[in-house]
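Here's a quick briefing to read alongside the structure. Have the viewer open and click through as you go.

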Amino acid sequence: MEIHQRNRLPALAIVILNYNGVSWFEKFLPGIIHFSTDASIYVIDNASTDHSVSYLKKNFPSVTLIQNNTNSGYAGGYNEGLQFINEEIYCLLNSDVEVTDNWISPILTLFKENESISAIQPKILNYNEKIQFEFAGAAGGFLDNLGYPFCRGRIFYTLENDNGQYNNNQEIFWATGACLFIRSKDFWSQGGFDNDFFAHMEEIDLCWRLKISGKKIFYCAESKVYHAGGGTLNPDNPRKTFLNFRNNLLMLLKNLPANQVFFIIFLRLILDGIAGIKFVFSGNWKHCLAILQAHFSFYRLLPRFLKKRKAGSIIYYNKKYLLYQYFIKKRNRYSDLK
């Protein structure tokens, strides 16, 4: 019995958060079920107003449905629904993801081999351009020394083709929420996602807190999925700009070391202003307004987030001055960064 317990792979729950995503279920849920025979599959519905719930009940009775009473975003929606799921590993999977054969086993094996690993992401490729990495996660995420997120395979909006250059399992700083495998005990040890984020960068914040606590985050190249992107918010939506700019500031305030936090946030506020001016001159004034709204929301939340600080002494970045390298030195591949 002891040998059996030691050798078995951990129990997995694939958990899809849904808000008005019935078209994604029609497209991708059959494949998820087909390629995930050893996992339990759950859908947490975030008070959808389309016919998602009735569609699931009629067409996929094997999928366990959890219904939230309100739409509390990615962070709150998962926090609420995951309380009813008991498997050892959660796979938090966007509804707009196409999975592939053998996408699960390499990741569960990696968890089994290393207890210090809290979270893992697979290789994330572009569903609409299959040879290209996808924006949300690519081959694993990092931060630069000013807190800008980037990935192996994606620097800002420049995407690399997958030529096998990232076919190695590697420790990373953050794993994407588009397909996030995480130990349930470690998820709850940090209190789950921060509800104040609502959506965007809550997974980076969670990974940062796990790193501070001594845990590891990994990228598994042997597992591959395709992400369509924009399943809830279109990239051109000003609401997305608002959440990204505000939540990046909140994340930095919450997690940066004490001797860096105020200088870096002050500098970031200036750089955000420059980005807003650039939006105006390019005719995207709604995105400039979204940045202003993000800053005012950040100021309102500042006292609350100061109380949340649990900063540690870890090195949180592996590259410096991404803006300078990308826009001035024209280094747009991860391998080119200094």
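**Ser36 and its surroundings**

The side chains of Ser36 and Trp103 are joined by a polar contact of 3.3 Å. Keep in mind that this is a predicted model.

- Ser36 sits in the loop that runs between helix H2 (22-34) and strand S2 (40-45).
- With a relative accessible area of 2%, Ser36 is buried, because anything under 20% gets that label.

- Ile89 belongs to strand S4 (residues 89-93), and at 0% relative accessibility it counts as buried.
- Ile89 and Ala11 are 78 residues apart in sequence, yet their C-alpha atoms are 6.2 Å apart in space.
- Leaving out neighbours within four places in sequence, the contacts of Ile89 include Pro10, Ala11, Leu12 and Ala13. Also among them are Leu108 and Phe111, plus the run Phe181, Ile182, Arg183 and Ser184.
- Asn69 lies in a loop too, the one between strand S3 (64-67) and helix H4 (73-81).
- Asn69 is exposed, with a relative accessible area of 70%; the cut-off for that label is over 50%.
- Setting aside neighbours within four places in sequence, Asn69 is in contact with Ala47 and Glu80. The C-alpha atoms of Asn69 and Ala47 are separated by 5.6 Å, with the two residues 22 apart along the chain.

**How H8 packs**

- Two packed helices are described by the angle between their axes and the distance between the axes.
- Helix H8 (residues 238-255) packs against helix H10 (residues 285-308) at an angle of about 30°, and their axes are 8 Å apart.
- H8 and H10 are therefore roughly parallel, since angles under 35 degrees count that way. Their crossing is right-handed.
- For H8 and helix H9 (residues 261-281), the angle is about 170° and the axes are 10 Å apart. That makes H8 roughly antiparallel to H9, as the angle is over 145 degrees.
- H8 also passes H9 in a right-handed crossing.
- On the H8 side, the residues meeting H9 are Thr241, Phe245, Asn248, Leu249, Leu252 and Leu253. Facing them in H9 are Val261, Ile264, Ile265, Arg268, Leu269, Asp272, Ala275 and Phe279.

**Backbone angles to check**

- Most residues other than glycine have a negative phi.
- Phe156 has a positive phi of about 50° and isn't a glycine. Phe156 is in the loop between strand S10 (154-155) and strand S11 (158-159), and at 14% relative accessibility it counts as buried.
- Phe198 also has a positive phi, about 65°, without being a glycine. Phe198 is found in the loop between helix H6 (184-189) and helix H7 (202-212), and it is partly exposed, with a relative accessible area of 28%.

- Cys207 is in no disulfide, and the nearest cysteine sulfur, that of Cys151, is 11 Å away. A disulfide would need the sulfur atoms within 2.5 Å.
- Cys207 counts as buried at 1% relative accessibility, and Cys288 counts as buried at 17%.

How values were computed
Residues are numbered from 1 along each chain as its sequence is written. This is a predicted model: local features need pLDDT of at least 70, side-chain atom pairs count only at pLDDT 80 or more; totals for chains, interfaces and linings use all residues. Side-chain values use heavy atoms; hydrogens and water are left out. Buried means under 20% relative accessible area, exposed over 50%, partly exposed in between (1.4 Å probe, protein chains only). Helices (H or I, at least four residues) and strands (E, at least two) are DSSP runs, numbered from the N terminus. A polar contact is a pair of N or O atoms within 3.5 Å; within protein, one must be able to donate a hydrogen and the other to accept it, and residues adjacent in sequence count only if both atoms are side-chain atoms. Axes are lines fitted to C-alpha atoms, for helices over the stretch in contact, and angles run from 0 to 180 degrees between N-to-C directions. Angles under 35 degrees count as roughly parallel, over 145 as roughly antiparallel, 65 to 115 as roughly perpendicular and the rest as oblique. A crossing is left-handed if the near helix is turned anticlockwise from the far one by less than a right angle, and right-handed if clockwise. Contact means heavy atoms within 4.5 Å.
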